[in-house]
Amino acid sequence: MFKQRLSLVRQPFFWWVAGLLVVIAAGLAAAFIILTRGLVVTNLTDLVPWGFWIGIDLSSIALSAGAFLLSAAVYLLGIKKLQPVARTAVFMGLIGYSMAVLTLMLDIGRPDRFWHSLLYWNIHSPLWEVTMCVTLYLTVLALEVTPIVGQSGWFHGRWPKLGDRMASVHKIAPVLAIVGLCLSMLHQSSLGATYGVLKARPIWYRPGLAVLFIVSAMAAGPAMVVLASTIASKVTSRARVDKSLLDAVAQFIGWVLVAYLYLRFWDALSMSYTYEPARSEGLFYLTKGPLALNFWIGEIALGIVIPMLILLNRKWRQNTRLLVLALTFVVVGLVFYRWDTNMVGQLVVFNQMPQLLTPQYTQYRPSLIEIAAGAGIIAYGLLAFTIGVRSLGVVDHTLVEAHDEVPYVPATAVSTD
Amino acid sequence: MTDTTMNRRHFLKFGLAGLATTTISARYLTREAFSGPAPEEKSPHQWAMVIDQSKCTGCGYCVKACQAHNDVAPDKAWTRIMEAEPVGGKEVFLPMPCMQCQDAPCVDICPVKASYHRADGIVMMDYNKCIGCRYCEMACPYGARSFNWEEFTGPNPAVPAWGQPEVPRRPRGVVEKCSFCFQRIDRGLEYGLTPGVDQAATPACVVACPYGARIFGDLNDPNSPVSVALAENSSYRLREDLGTETRVFYLPMRDSETEDNEEIVPCSNNA
């Protein structure tokens, strides 16, 4: 007994899960403080009301974009061979969106009223549209994940009848793919529009943000899926990947990055002409000021240029190390982009004084409690993915999905490990 | 599992039809049951405020009165006084209540319609609806809104010296702002008083100003104090370029009061 435990402790898996649980516990403690004492424990202010958590929220939604893209590729474009990758994407999508919802529940002042936007509609508000879409899409993702859970050896071995029931939800996968595509096209871009419609913040007030948000998500979402699948396959034998499938997705990401770079270039260039109060200062803040390192290194070099070159070169992207590096850069670049976009409009605030054109500069640094709660939510996401890989076979390209006619045969019935 | 193609089509058809039905019926239900004050019939009044910068000394009486009458926490101000650029060596102040925009960004973007327009033009907050997302704080070009980061407990230092609270305190977690003292206007009208003329029916900040720098009234009434002040003086509004059509007008520090100050008059152009 003792020896068994000792061998468990020696496993890196044990330490991985234990570490995540510690972070989650810290996050829960932080969440408790936030919910009891209120948002006064954050470093947010009336001038910078959206901070660290919104960064997590925006990033996790964008990094979940693989779900709708790969579902659409499999069920609408008929690229059936990508089906195992779509499984992973859908599972990660559910994790990502639930992370976003958890973060928002902490972030809003009245979490007890989260359901208000479902009842009191303001169809003019991009944020209302995002809330509706996220709620509906979370339902779609839950339905899409139902058969994955039902078919898994772990679940099916215990409750075979219920497992079959849940597996049969797979029959509506094409419908879910269509609905998911529509909902994602709507809210991935209107998350950008949430900022883009605010005339009071000139650096945000432009049509480009909506387009840039969805295009960057189309690169980073699949990147997250391929990255997580590749890493999982290196770490555990329970994750099995078909490199040719991931390679196809990786090449696609490379081309999306080309489009993204093109749009970013014109978007930034068009803002650089003629002084416009608060917008010019905002652009300066991004490209030459305090956020310049984030912008040039994080967003452009790491986020676009370097991975684009690697992913479009067959030899380079077939080198697993380079591939992992490139995909990590894409993901990191997206987080930088969302973070900088959210911050820049709040750090450079337009002045209302009629005589003063120069904007007001504000400060924001997340408080320890904000960081702890955010880290807890990220740890929850990692733990959920770990469980998915270990027990639900979400990264298993050898698994043939019970797609329509083909009756399901559990491929990995409670294996020993 | 016998005819899967049929099944899929079936699901497509009925799934989408079901979704549409649910959405529409939910919308219908919400409209019937929950959507607060229905768009009211047109109000005969259109309230507005005029602030005369040449009279404002920045004494802050208006802020104190507002804090008492609206029970605003000491760390917040529904009406703030900014210091503007001096004119002719004379201090100039810019008192800023909520601008009560006719085309209000906060009303446009509030995801739950907690910010809305009353028929008489006042931009109102429904504190029972607000979820505290703070999107309106980013949308407001005038910084008129403040969030309740914590609950306001304990005595209000402005009470009773500056007045008695007339509205309930807002809970923690919602965004609050100036309402043109709608409670005074509404109750005053009930008693047959004229807002802007009778003190009991006029916003607390206007009543409290010892210099008469704030003027209030009905834009629809040509004889109201605001209509008269706007007809007799040149006025401006803040950030008119945004098209927000605010209901707060400013009378600038006038030249006549500074022109004796020779040294600040710019070089006359005799060319």
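The model is a predicted one, in which local features need pLDDT of at least 70, side-chain atom pairs count only at pLDDT 80 or more, and totals for chains, interfaces and linings use all residues. Residues are numbered from 1 along each chain as its sequence is written, while chains are lettered from A and ligands numbered from 1 in the order in which they are written.

The secondary structure of chain B consists of seven helices and nine strands (DSSP runs numbered from the N terminus, with helices being H or I of at least four residues and strands being E of at least two). Among contacts in chain B between residues at least 6 apart in sequence, 61% join residues at least 24 apart (a contact requires C-beta atoms, placed from the backbone, within 7 Å).

An open sheet in chain B is formed by three strands in the order E8-E1-E9, with mixed pairing (two strands pair if DSSP finds at least two bridges between them). Its edge strands are E8(B) (214-218) and E9(B) (248-251), each of which pairs on one side only. From one strand to the next the twist averages 20° (axes are lines fitted to C-alpha atoms, for helices over the stretch in contact, and angles run from 0 to 180 degrees between N-to-C directions). Strand E1(B) (residues 47-52) and E8(B) run antiparallel and are joined by five bridges. In this pairing, Val50(B) stands opposite Ile215(B) of E8(B).

Strand E2(B) (residues 80-87) and strand E3(B) (residues 90-96) also pair in the antiparallel sense, over six bridges. Ile81(B) has Pro95(B) in E3(B) as its bridge partner. The hairpin of E2(B) and E3(B) has two residues between the strands, and Gly88(B) takes a positive phi near 60° there.

Asp71(B), in the loop between helix H2(B) (61-69) and E2(B), has a positive phi near 50°. Asp71(B) is partly exposed, because 19 other C-beta atoms lie within 10 Å. A positive phi of about 50° is also found at Arg239(B), which is not a glycine. Arg239(B) is placed in the loop between helix H7(B) (225-232) and E9(B), and is partly exposed, with 19 other C-beta atoms within 10 Å. The peptide bond from Val159(B) to Pro160(B) is cis, with omega near 0°. Pro160(B) belongs to the loop between strand E6(B) (146-147) and strand E7(B) (175-176).

The contact between the chains takes 40 residues from chain A and 48 residues from chain B. On the side of chain A that touches chain B, the elements giving two or more residues are helices H6(A) (116-119), H7(A) (126-151) and H10(A) (173-196). H7(A) supplies the largest share of that side, four residues. By class, the side of chain A that touches chain B comprises 21 nonpolar, 11 polar and eight charged residues (Ala, Val, Leu, Ile, Met, Phe, Trp, Tyr, Cys and Pro count as nonpolar, Asp, Glu, Lys and Arg as charged, and the others, Gly among them, as polar).

The largest nonpolar core has 200 residues, and those with the most contacts inside it include Leu70(A), Ala219(A), Ala220(A) and Ile253(A) (such a core is a set of buried Ala, Val, Leu, Ile, Met, Phe, Trp, Tyr and Cys residues joined through C-beta atoms within 7 Å). Helix H11(A) (residues 208-235) contributes the largest share of this core, 17 residues. Leaving aside neighbours within four places in sequence, Leu70(A) is in contact with Leu82(A), Val85(A), Ala86(A), Ala89(A), Pro222(A) and Val225(A).

Helix H14(A) (residues 292-312) has a kink of about 50° centred on Ala301(A) (the bend at a residue is the angle between axes fitted to the seven residues ending there and the seven starting there). The buried residues of H14(A) include Phe295(A), Ile300(A), Leu302(A), Pro307(A) and Leu311(A). Their cover includes helices H12(A) (243-271), H13(A) (279-287), H15(A) (314-317) and H16(A) (320-347). In the loop between H12(A) and H13(A) lies Thr274(A), which is exposed, with 7 other C-beta atoms within 10 Å. The C-alpha atoms of Thr274(A) and Ser367(A) are separated by 37 Å, the two residues being 93 apart along the chain.

Key:
A residue is buried if 20 or more other C-beta atoms lie within 10 Å of its own, exposed if 12 or fewer, and partly exposed in between; C-beta atoms are placed from the backbone. Two residues are in contact if their C-beta atoms, placed from the backbone, lie within 7 Å.
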